[in-house]
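Could you take me on a short walk through the aromatic rings of this structure? I have it open in a viewer and would like to know what to select next.

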Amino acid sequence: MKSPDFNQIIDRHNTGSVKWDFLDQYLQLNQTDLLPMWVSDFDFQCPKEVLQALSSRIDHGIFGYSERDELYYQSAIDWFSRRHKLTLHKEWFTSIEGIIPGLSLLIQMLSKPREGIIVQGPYYGSFAKIITMNDRVLIENPLIEDTEGYKIDHSHLEQILDQYKPPLLLLCNPHNPTGRCWDHDELLQLLILCRKYGTTIISDEIWADLLLPGQKFTSILHLGSKWHNHVIAATSASKTFGLASLRISNFLIPNPSLREAFTDRLNAHGLDVFNSLSMTAAIAAYQYGDTWLDQLQDYLAENREWFEKALASSVPWCRITKAEGTYLIWLDCRDLGLDDNALQQALIHKAKIAVSMGCSFGDKGKGFIRINLGCPRQYLEKAIAGLAQLTQ
């Protein structure tokens with residue numbers, strides 16, 4: 001089959017794309033000349049095998065109530081075994097339309113109103129939303145900035161675990177927005193502390209497959225069965241293969257009582273029937289997506305390398321955070337000396353790009369921006385040219 005052309009420009013306007021069609025609604029930016037580099041979906045077609053599987057399913061023409069079959073489970077189990085040397089079991093799987101809805105239901109299930117939930121800043125904005133809108137209290141365990149990438153502050157973590165006795169910690173691994181992939185020792189320290197204080201870890205691992213060359217993903221589930229009663233991992237094919245609107249995700253829950261309680265909660269909300277096209281796409285992606293993903297990872301690595309060199313040459317005031325995964329780049333713009341509002345205005349009116357402002361990731365994100373590198377190289381060239389205008 002012909003190799004994918006990741007340099008191809010595909011017009012996403014008028015497709016209901018949040019990133020391209022809804023800048024005004026989501027960011028209050030009504031200009032039509034902005035290059036959108038904010039939402040973390042990419043601008044590439046999904047694998048041809050997925051398109052073919054979807055086409056065949058559509059040709060069948062009947063879309064009655066659907067359930068996950070053996071192939072659905074086995075394709076995911078085989079994928080994680082093949083790509084990450086991670087052994088999963090069918091009985092661990094619970095499924096829901098998206099990771100954020102699942103996290104929200106788990107917060108409701110495993111905590112009480114006004115109890116604290118730990119996140120690690122700079123944190124994904126949707127984590128804050130589902131914590132506060134569920135009447136829980138966000139407790140921040142800020143990551144430590146380091147020249148080698150961000151690090152977990154385990155000492156501070158123990159302080160807040162001891163002080164607040166929070167029932168939950170939301171982990172993001174690989175981390176959005178910084179791109180850190182937490183290693184075995186970091187996760188082990190996290191597990192030891194959380195078990196000591198009775199805190200369950202829910203690990204959002206949606207970025208697991210999107211690694212930079214030579215990097216390894218370590219799941220919270222990799223650390224062994226002795227920890228399995230205290231952890232939940234959330235996964236999906238959506239980020240890996242560009243299937244975000246075909247919403248289906250898997251929450252892997254080894255603890256039988258936790259799993260049964262979560263399944264009951266899903267049933268109580270009528271979330272016990274699944275989108276047939278979502279399942280078809282996920283199965284095909286996990287069965288046939290290896291070669292496509294390898295090619296995508298190569299392209300994304302080239303994009304990052306090109307962007308870093310161009311940034312160093314043309315935008316020397318902007319510092320890059322070292323990362324191991326994701327197709328996001330976390331940029332330190334503090335040397336410009338602008339507050340976040342002034343920085344955003346400069347990006348809009350001079351650089352002509354729409355980015356994710358770092359302040360939307362909490363206090364630790366102030367002065368930073370997040371840019372999506374999951375796009376054809378031409379978009380990155382425009383972004384560099386725009387950023388270079390900020391000091392003109």
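Start by selecting F6, F42, F44, W79, F80, W207, F241, Y286, W292, Y299 and Y327, which ring pairs link into a cluster. Rings of Phe, Tyr and Trp (its six-membered ring) pair if their centres lie within 6.5 Å; planes under 30 degrees apart count as stacked, over 60 as edge-to-face and the rest as tilted. By this rule there are 20 aromatic pairs.

A note on what you see: this is a predicted model, where local features need pLDDT of at least 70, side-chain atom pairs count only at pLDDT 80 or more, and totals for chains, interfaces and linings use all residues. Residues are numbered from 1 along each chain as its sequence is written, and side-chain values use heavy atoms, with hydrogens and water left out.

Next, zoom in on W79 and Y286: their ring centres are 5.5 Å apart and their planes are at 40°, so this pair is tilted. W79 belongs to helix α4 (residues 70-84) and Y286 to helix α11 (residues 276-288), so the pair ties together parts 207 residues apart in sequence. Helices here are DSSP runs of H or I, at least four residues, numbered from the N terminus.

F241 is in helix α9 (residues 238-241), so with Y286 in helix α11 it ties together parts 45 residues apart in sequence.

Now show the surface. W79 is buried, at 0% relative accessible area, and Y286 is buried at 3% (buried means under 20%, exposed over 50%, partly exposed in between, with a 1.4 Å probe and protein chains only). F241 also counts as buried, at 0%.

Notes
Helices (H or I, at least four residues) and strands (E, at least two) are DSSP runs, numbered from the N terminus.
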